[in-house]
Amino acid sequence: MQMNMVSALNNALDLAMQENEDVVLLGEDVGEDGGVFRVTDGLIKKYGENRVIDTPLAESGIIGTAIGMALGGLHPVPEIQFAGFMYLGYSQLINHAARYRERTRSGLSVPMVVRTPVGGGIRALEHHSESPEVLYSYGGGLIVVEPSNPYDAKGLMMKALHLKDPVIFLEPTKLYRLFKQDVPEESYEVDIGKANIIRAGEDLTIITYGTMVPIVNDVVSQKHVDAEIIDLRTINPLDEKTILDSVKKTGKAMIVHEASLSFGVGAEIAARISEKALYELDAPIIRVASLDLPYPFPAYENYYMPNAKKVGAAIDRLLTM
Amino acid sequence: MLQKVFDGEIEYLQVLDENGKVDAALFPNDLDDNKIIEMYKYMCLARAFDAKMLSLQRQGRVITYAPLIGEEATQIGAALAMRKDDYLVPNFRQHGVFIARGFPIENFFIAGRGYEDGLKAPPGTNSLAVAVPVGSQMPHSVGLAYALKYKKKDAAVVAFVGDGGTSEGDFYEATNFSGELKVPLVMIIENNQWAISVPRSKQSIAKTLAQKAFAAGIRGLQVDGNDVIAVYKAVSEGIKSLATDGPILIECITYRMSIHTTADDPTKYRDQKDVDAWKPKDPILRVKTYLSAKGLWNDELEKQMTEEQAKKINDSVAEAEAFKGDPKSMFDNLYSFVPDILKDEENEAVDANFWQ
């Protein structure tokens, strides 16, 4: 069935709620409104307000309550309306969700999927457009995933809801309705912790995820370069092996992400390639990312975040090094 | 038009006064002499445990410890009011509640030696882990109570927060969520008058902390937190009325007779006269006076109890000292699986034998 990312996620939540009555949704406007992007649309009618809970407006309360639900044997799916509001729940995620299993030596765990839209490019306000994945990946304890297409979105969500771990599920706002894909109606999983080689190639490796995946793919197609494109899908834990295997084959590595350049996911990947595959490279590692500025108002967002032109120029530079 | 749209008042409950006299009209009818003796013994056990932890800490055998001395009535009264299936959500000072609910004492000594293994609750002890970030446990208590209600269990959650914790956003969010979600939750403010060096008067100009319940639309009550019978009554009646009347916030007025933690020196900010003023209100003393007057307690029983408790504590210390940790457990318990990159870090540590 043809689905965009919103309908694929809605379908995944519906299936998970059907198969496991411990799955409950909570957040601001997730009930009658179906969430501001409609990802939870219609679920309150089907499952009732005990399982689709419109909460008071308080992000730490939402995440903290979800942690308590998880400790009590439920599998909550809290939605934070925009990533820029999730910092209010950051303490709960880092101080509790990330370490409860460790602190109790697996006596208690926090099976939970925190959903939030991320990324810009939709002319939204600046607190609605951030890419905070590195904040949740740092230090361990939280699984961080970010799909780039409807098929992966559904499969990763199903997998996340089968894991007994806290998962931060980042949904690129720009991709919610950008395109449709054939998505199976039944339940299936996409592995968490495994990157996806979406295009095989010999001349260079481009490691990317989320909003940047369709942009990178288009540029590579248009330029007719023989690039291998890796869609990370999971940011933490990182699939280091897939990255290293590819880089050792192509000898050139480029990382493209929408989040800011410095101290980011690209820095981590570049460091790992340097440590473990440096002598198999024939050019420096290149990063293409957003500027080291807080997300701007929409007038300059095309300048702020990487676009096809910037990615194309980086490919040209890498191939001529 | 100008009309009154809200009316609220906070009652203060005391059953057993500091002279050991009970208010017969308020005496809980489900409380018999044996239960009061049990309360007395647990309060003494909690204090003896405290003394042991402080002693071990000074010897460098356990890490930083937050003693509960002076606050035994709040903790034991609540613990004995809880039913077996009820859940405890602690902050970091509720050793008394844990112990009275059957949590193994040796676990505290294991945790005190620096091993997380001590925080693992044996099945059936129904408690969350100690929460250090102040107030952050309160939203958990709401979610946990929601889960119990959702699963149609005949059980409630009893959560603890300090007077300082009631200034945290998580406290306000949790009280508000609890009312809105109508969860079976009793929230106890263990108001010991001090948040490290900041006195209760500097936390809030609110006359009571219990009145914070009104902002959330839930019930609030103030109790003499040094009166184990009043705390027992408030918490047990609170639990029984959750289904009909919704969550309740109970402020227990007590006093931190000792240090905040072993890293604290109260002489820097607190007048000893303040502490001395609370000594006659001691929670254990008044129960002893009450039981002795009724002929239910004497020196012989006291001596016997003290010896038994010392043995129990020393045995627990010995058991905890026999515990052997395994650093591999750090890697095995982070997720439900061990990711490859973490496995690499573990292998490196094992191969290089970094931890020997």
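Biologist: In this predicted model, what volume does the largest pocket have?

Modeller: Rolling a probe the size of a water molecule over the atoms shows where empty space is left. Here the largest pocket comes to a volume of about 790 Å³, and among the 30 residues lining it, those closest to its centre are Ser137(A), Tyr138(A), Gly139(A), Gly140(A) and Asn236(A).

Biologist: Which elements give two or more residues to that lining?

Modeller: Both chains contribute, with α5, α6 (133-137), β12 (234-236) and α10 from chain A, and α14 (328-332) and α15 (340-352) from chain B. The most, four residues, comes from α10(A), and the lining as a whole divides into 17 nonpolar, six polar and seven charged residues.

Biologist: How should I read the second largest pocket, and which residues are closest to its centre?

Modeller: The second largest pocket has a volume of about 680 Å³, and of its 29 lining residues Ile63(B), Thr64(B), Leu119(B), Val130(B) and Val132(B) are the closest to the centre. By class, this lining has 16 nonpolar, ten polar and three charged residues, while its largest share, four residues, is supplied by α4(B).

Biologist: Turning to the interface, how many residues does each chain bring to the contact?

Modeller: Chain A brings 51 residues and chain B brings 38, and the area buried between them is about 3,700 Å², with 59% of it given by carbon and sulfur atoms. Glu102(A), Arg103(A) and Arg105(A) supply 20% of the area that chain A buries against chain B, more than any other three residues.

Biologist: Which side chain of chain B meets Arg105(A) in a salt bridge?

Modeller: That partner is Glu116(B), at 3.2 Å from N to O, and the count between the two chains is three salt bridges.

Technical notes: Residues numbered from 1 in each chain as written. Chains lettered and ligands numbered in written order. Predicted model: local features only at pLDDT ≥ 70, side-chain atom pairs only at ≥ 80, totals over all residues. Heavy atoms only, no water. Contact = heavy atoms within 4.5 Å. Buried area = accessible area lost by both parts, 1.4 Å probe. Salt bridge = Lys/Arg side-chain N within 4 Å of Asp/Glu carboxyl O. 1 Å grid on protein atoms, 1.4 Å probe; cavity = no way out; pocket = protein on both sides within 12 Å on 5 of 7 lines; lining within 4 Å. Points joined across faces, edges and corners; volume = space filled by probe spheres on them. Nonpolar A, V, L, I, M, F, W, Y, C, P; charged D, E, K, R; others polar.
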